Amino acid sequence: MTMEAGGDIKIPQGVQTAAAMVVALGTYTLVYYVAVSLVLVAQDAFPDLFALVLMGVRPNVVQMIAAVFGAVSSMWIAKAVCDLTLTPYQQRPVFWMFTGVLGAMTLGKFGAPSMGQQMAVVTQFVTAVGMAYALFWREGRMPDIIDEGPID
């Protein structure tokens, strides 16, 4: 950190990027479990509505819907939190962090005994990495210089 003439503190971009990884992963995890819980509680609260919409009782489909809803909403909120709290940070390392962490989580849970759980885990991985790519991967290469100096 360096103190600028106006009294502002300048935090290096590498530190901002590391903080973005931690903030994004924490936000993603928290929001994902809340979103999935909301879908599953709604299914328990309104079983007839879910049976009508899904043309029968289909718990595997509900798990996959919950996984998609959770992955999309949590990745979008994680991006918004990072953009509102940390600037400028490099976005591609955050994408690679999500790919690695979610890939390891998917491999760890892929041995689940239920085919429905395996499908939900793979669906979460594909959806979350797709959303991370759409949100954290910018076109082209990151610039070498951002306003005041080189990227750390």
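Biologist: Why is Val81 called partly exposed?

Modeller: Its relative accessibility is 27%. Buried means under 20% relative accessible area, exposed means over 50%, and partly exposed is in between (1.4 Å probe, protein chains only). Val81 therefore belongs to the class in between. Please keep in mind that this is a predicted model: local features need pLDDT of at least 70, side-chain atom pairs count only at pLDDT 80 or more, and totals for chains, interfaces and linings use all residues. Residues are numbered from 1 along each chain as its sequence is written, and side-chain values use heavy atoms, with hydrogens and water left out.

Biologist: Where does Val81 sit?

Modeller: Val81 is in helix H3. Helices (H or I, at least four residues) and strands (E, at least two) are DSSP runs, numbered from the N terminus. The chain has 5 helices and 4 strands, in the order β-β-α-α-α-α-α-β-β from the N terminus on.

Biologist: What makes Ala71 buried?

Modeller: Ala71, also in helix H3, has a relative accessible area of 0%. The C-alpha atoms of Ala71 and Tyr32 are 6.1 Å apart in space, although 39 residues separate them in sequence. For the chain as a whole, 33% of the 152 residues count as buried.

Biologist: Why is Met55 called exposed?

Modeller: Met55 reaches 69% relative accessibility, which is above the cut-off for exposed, so the word applies. Met55 lies in the loop between H2 and H3. Its phi is near 55 degrees, a positive value in a residue other than glycine.

Biologist: How do you know that Lys79 and Asp83 form a salt bridge?

Modeller: The name needs a side-chain nitrogen of Lys or Arg within 4 Å of a carboxyl oxygen of Asp or Glu. Here the N to O distance is 3.1 Å, so the pair passes the test. A search of the whole structure finds 1 salt bridge. Both residues lie in helix H3, 4 residues apart, about one turn of the helix. Lys79 is buried at 8%, whereas Asp83 is partly exposed at 32%.

Biologist: What makes Phe46, Leu49, Leu52 and Val53 a nonpolar surface patch?

Modeller: Patch members have over 30% relative accessible area and no salt bridge; nonpolar side chains (Val, Leu, Ile, Met, Phe, Trp, Tyr) are joined within 5 Å, and like charges within 9 Å. These four make a patch of about 440 Å², with areas from the Shrake-Rupley method and a 1.4 Å probe. Phe46 is in the loop between H1 and helix H2 (47-53).

Biologist: How many of the lining residues are nonpolar?

Modeller: There are 13 nonpolar, 4 polar and 1 charged. Ala, Val, Leu, Ile, Met, Phe, Trp, Tyr, Cys and Pro count as nonpolar, Asp, Glu, Lys and Arg as charged, and the others, Gly among them, as polar.
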